[in-house]
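Good morning, and thank you for making time for this presentation.

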Amino acid sequence: MHAEIRQKLEDVFRNSNSPDELFDSFRIAISGRIKDEELYKILLRNKALSTDEISMFAEKICKEFPGLRYNIYFCVGQLFGSISTYGKHLDKALAYMLKSAAAEPTLSEPYTAIAKMYNKELNIPALETIIKTIEDGISLVEIKSPLCFALVDLYKLSGDKDKELGYQKLGEIFQREGK
């Protein structure tokens, strides 16, 4: 029975163009305590949803199922980054990547994703903000070298050769140490 309900919900989440139908099905999933990250990711990627609705669903999922926070927030951060035209949603993407990082502070992936979302032409999110975020993350994550190498690229964009070289050396040290 559970598999049948899940399949019906997935069909609605994948194919419905009605925000009302999506909301009703979401309510059924939550009240049925269906803890299925992949199912909720299908819902969050539905093109009928506004960015506000995506945020609302994501926050409710994470409130009900705290164990899903890292992956749901990461998914929403990627989603907002991918639908961002002219940098429109990059600040939201950054906010969700930061929530993902807060949910699992030792993982480097949210920070490397943040480094990749910088739009040089529009300076969105602000280069200084991205650099500070990644520098702060180095002390938290287990695998530090990807963050150092991301900072090399960002400092190259900013023209700060000293910091670019410093993070290159630090990244190589961490890499040799398996960090």
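This is a predicted model: local features need pLDDT of at least 70, side-chain atom pairs count only at pLDDT 80 or more; totals for chains, interfaces and linings use all residues.

I start with the overall fold. The protein chain contains ten helices and zero strands. Its C-alpha trace spans about 60 × 35 × 20 Å along the principal axes. Of the 179 residues in the chain, 46% are buried. Among contacts with a separation of 6 or more, 57% are between residues 24 or more positions apart.

The buried set consists of Glu-37, Leu-39, Tyr-40, Lys-41, Ile-42, Leu-43 and Leu-44. Two charged residues, Glu-37 and Lys-41, are thus included in that list. Which helices do these buried residues pack against? Their partners are α1 (2-15), α2 (19-31), α4 (51-64) and α5 (69-82).

In soluble globular proteins, nonpolar side chains tend to be buried together. In this model the largest nonpolar core has 56 residues, and the members touching the most others are Phe-13, Tyr-40 and Leu-154. Tyr-40 belongs to the buried residues of α3, as already listed. For Phe-13, setting aside neighbours within four places in sequence, the contacts are Leu-22, Ser-25, Phe-26, Ala-29, Leu-39, Ile-42, Leu-43 and Asn-46. Among these contacts of Phe-13, Leu-39, Ile-42 and Leu-43 are also buried residues of α3.

Now to a pair of helices. Two packed helices are described by the angle between their axes and the distance between the axes. For α6 (residues 90-103) and α7 (residues 109-116), the axes come within 8 Å and cross at roughly 165 degrees. That value makes α6 roughly antiparallel to α7. The crossing of α6 past α7 is left-handed. On the α6 side, Leu-94, Met-97, Leu-98, Ser-100 and Ala-101 take part, and they meet Pro-110, Tyr-111, Ala-113 and Ile-114 of α7. By class, that contact comprises eight nonpolar residues, one polar residue and no charged residues.

Not counting residues up to four places away in sequence, His-89 touches Thr-51, Phe-80, Ile-83 and Ser-84.

Most residues other than glycine have a negative phi, and most peptide bonds are trans. Where are the departures in this model? In the loop between α2 and α3 we find Arg-33, whose phi is positive, near 55 degrees. Arg-33 is partly exposed, at a relative accessible area of 43%. The loop between α7 and α8 holds Asn-123, with a positive phi of about 50 degrees. Asn-123 is likewise partly exposed, at 34% relative accessibility. That loop also contains Pro-125, and a cis peptide bond, with omega about -25 degrees, joins Ile-124 to Pro-125.

That concludes my presentation, and I welcome discussion.

Technical notes
Residues are numbered from 1 along each chain as its sequence is written. Side-chain values use heavy atoms; hydrogens and water are left out. Axes are lines fitted to C-alpha atoms, for helices over the stretch in contact, and angles run from 0 to 180 degrees between N-to-C directions. Helices (H or I, at least four residues) and strands (E, at least two) are DSSP runs, numbered from the N terminus. Angles under 35 degrees count as roughly parallel, over 145 as roughly antiparallel, 65 to 115 as roughly perpendicular and the rest as oblique. A crossing is left-handed if the near helix is turned anticlockwise from the far one by less than a right angle, and right-handed if clockwise. Contact means heavy atoms within 4.5 Å. A nonpolar core is a set of buried Ala, Val, Leu, Ile, Met, Phe, Trp, Tyr and Cys residues joined through side-chain atoms within 4.5 Å. Buried means under 20% relative accessible area, exposed over 50%, partly exposed in between (1.4 Å probe, protein chains only).
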